[in-house]
Amino acid sequence: MKIAIIGIGTVGSAVATAVKNTGLAHEIVLYDTDGIRARAAAEDLGHAAAFSYDIKITAANNYRAIRGSDIVIISAGANQKPGESRTDLLNKNAAVIRDIVPRVMANVDNKNVKLVIVTNPLDVMVMLAQKLSRLPAARVIGTGTMLDSARLRVILSRTLAVSPQSINAYVLGEHGDSSVIAWTPATVGAIALDDFCKQTKTPLTANTRATIEHRVRGAAYEIIRGRGATWDGIAGAVADLIRSIANDENRILTVSTVDGVGAKSVAMSLPRVVGINGATKTLVPKLDKTESAALRKSANIIRKNYKSC
């Protein structure tokens, strides 16, 4: 499998390392408008072949190098800075996506290629990329709330003293401030979250839930304040998404793809079955009235932001 990564900044470099470490690609193309940066990243990552998988790493500042790519990961664009929301990046990164996607599509097989979008604000960029590429919505996939959901599971696991791998809990809607934690369908093992808490005598009060929600939504801001940017978490999410596509695993991931038609269309995160053909099936969890209303509000925010750009 040949994978191209567009934009080799902090996030793109971390994504390249994580994708390489899956061992699923026979070639990875690192594209950046800064050819020196691309070559340095390819050289550095290529040296790591001595310790793991021997994969061809190619540097490029010309889109012809991505020809034959099965998956193109777009991570280019301005990064969120301290004090900024993801939406603050809207117009800057919309211009980046408008420039990149037509160039990508001129050099790939539109019958097979999958686009993976990492650039923020994620859901709006997915909608824009799908429109520009004219690919089926199933093959334009944003990482969505995969990372948000991972953060939720990790925080819950520490509260409940159980492995995050035993927790099925999702963050839905926007990858942003209007995201919705779906408490109602959450389970631990095969047991509903509330029942688990009763059986283990682990109270999960309204205040505790509110604190968890605050920590999940604020995780990126906290990391950016201390580190300047986030990259390891999203790189892990991208690698997990690539693994599900490449191995045709048909795992359920909270990725963002465009649903609906016309004015009702929106890209937001819901549990979706992801395999070799992309995100092919969308699942709708059972939510309570408050969660359903919050999810509709989140969708409306995404639509509004999309229309504004």
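Visitor: Which residues lie nearest the centre of the largest cavity?
Guide: In this predicted model, the residues nearest the centre of the largest cavity are V11, N79, V118, N120 and T230, which belong to a lining of 24 residues.

Visitor: And which elements give two or more residues to that lining?
Guide: Helix 5 and helix 7, the latter spanning 206-227, are the elements that give two or more residues to the lining of the largest cavity.

Visitor: How much space lies in the largest cavity, and how do its lining residues divide?
Guide: The largest cavity holds about 330 Å³ of space, and its lining divides into eleven nonpolar, eleven polar and two charged residues.

Visitor: How many cavities of 30 Å³ or more does a search of the whole structure find?
Guide: The search finds two cavities of 30 Å³ or more, and the second largest cavity has a volume of about 40 Å³.

Visitor: What lines that second largest cavity?
Guide: The lining of the second largest cavity consists of T87, P121, L122, D123, V124, E174, H175, I302 and N305. Helix 4 (122-133) and helix 9 (289-308) are the elements that give two or more residues to this lining, and helix 4 gives the most, with three residues. By class, the lining of the second largest cavity has four nonpolar, three polar and two charged residues.

Visitor: Let's move to pockets; what volume does the largest pocket have?
Guide: The volume of the largest pocket is about 330 Å³, and of the 20 residues that line the largest pocket, M146, A150, R153, D240 and L253 are the closest to its centre.

Visitor: Which element gives the most to that lining?
Guide: Helix 5 gives the most to the lining of the largest pocket, with six residues. The elements that give two or more residues there are helix 5 (146-160), strand 7 (167-168), helix 8 (232-246) and strand 12 (251-253). Sorted by class, the lining of the largest pocket has ten nonpolar, six polar and four charged residues.

Visitor: What about the second largest pocket, which residues lie nearest its centre?
Guide: G7, I8, D32, A76 and G77 lie nearest the centre of the second largest pocket, out of 18 residues that line it, and its volume is about 220 Å³. Helix 1 (10-20) and helix 3 (90-105) each supply at least two residues of this lining, with the largest share, three residues, coming from helix 1. Seven nonpolar, eight polar and three charged residues make up the lining of the second largest pocket.

Visitor: What order do the strands take in the open sheet of three?
Guide: The order in that open sheet is 7-10-11, and the pairing is antiparallel.

Visitor: Why is one side of strand 7 and of strand 11 left without a neighbour in the sheet?
Guide: Strand 7 and strand 11 (191-192) stand at the edges and each has a single partner strand, so one side of each is left without a neighbour in the sheet.

Visitor: And how many bridges pair strand 10 with strand 11?
Guide: Strand 10 (residues 187-188) pairs with strand 11 over two bridges in the antiparallel sense, and V188 stands opposite I191 in strand 11.

Definitions and conventions. Residues numbered from 1 in each chain as written. Predicted model: local features only at pLDDT ≥ 70, side-chain atom pairs only at ≥ 80, totals over all residues. Heavy atoms only, no water. 1 Å grid on protein atoms, 1.4 Å probe; cavity = no way out; pocket = protein on both sides within 12 Å on 5 of 7 lines; lining within 4 Å. Points joined across faces, edges and corners; volume = space filled by probe spheres on them. Helix = DSSP H or I, 4+ residues; strand = E, 2+ residues; numbered from the N terminus. Nonpolar A, V, L, I, M, F, W, Y, C, P; charged D, E, K, R; others polar. Pairing = 2+ DSSP bridges.
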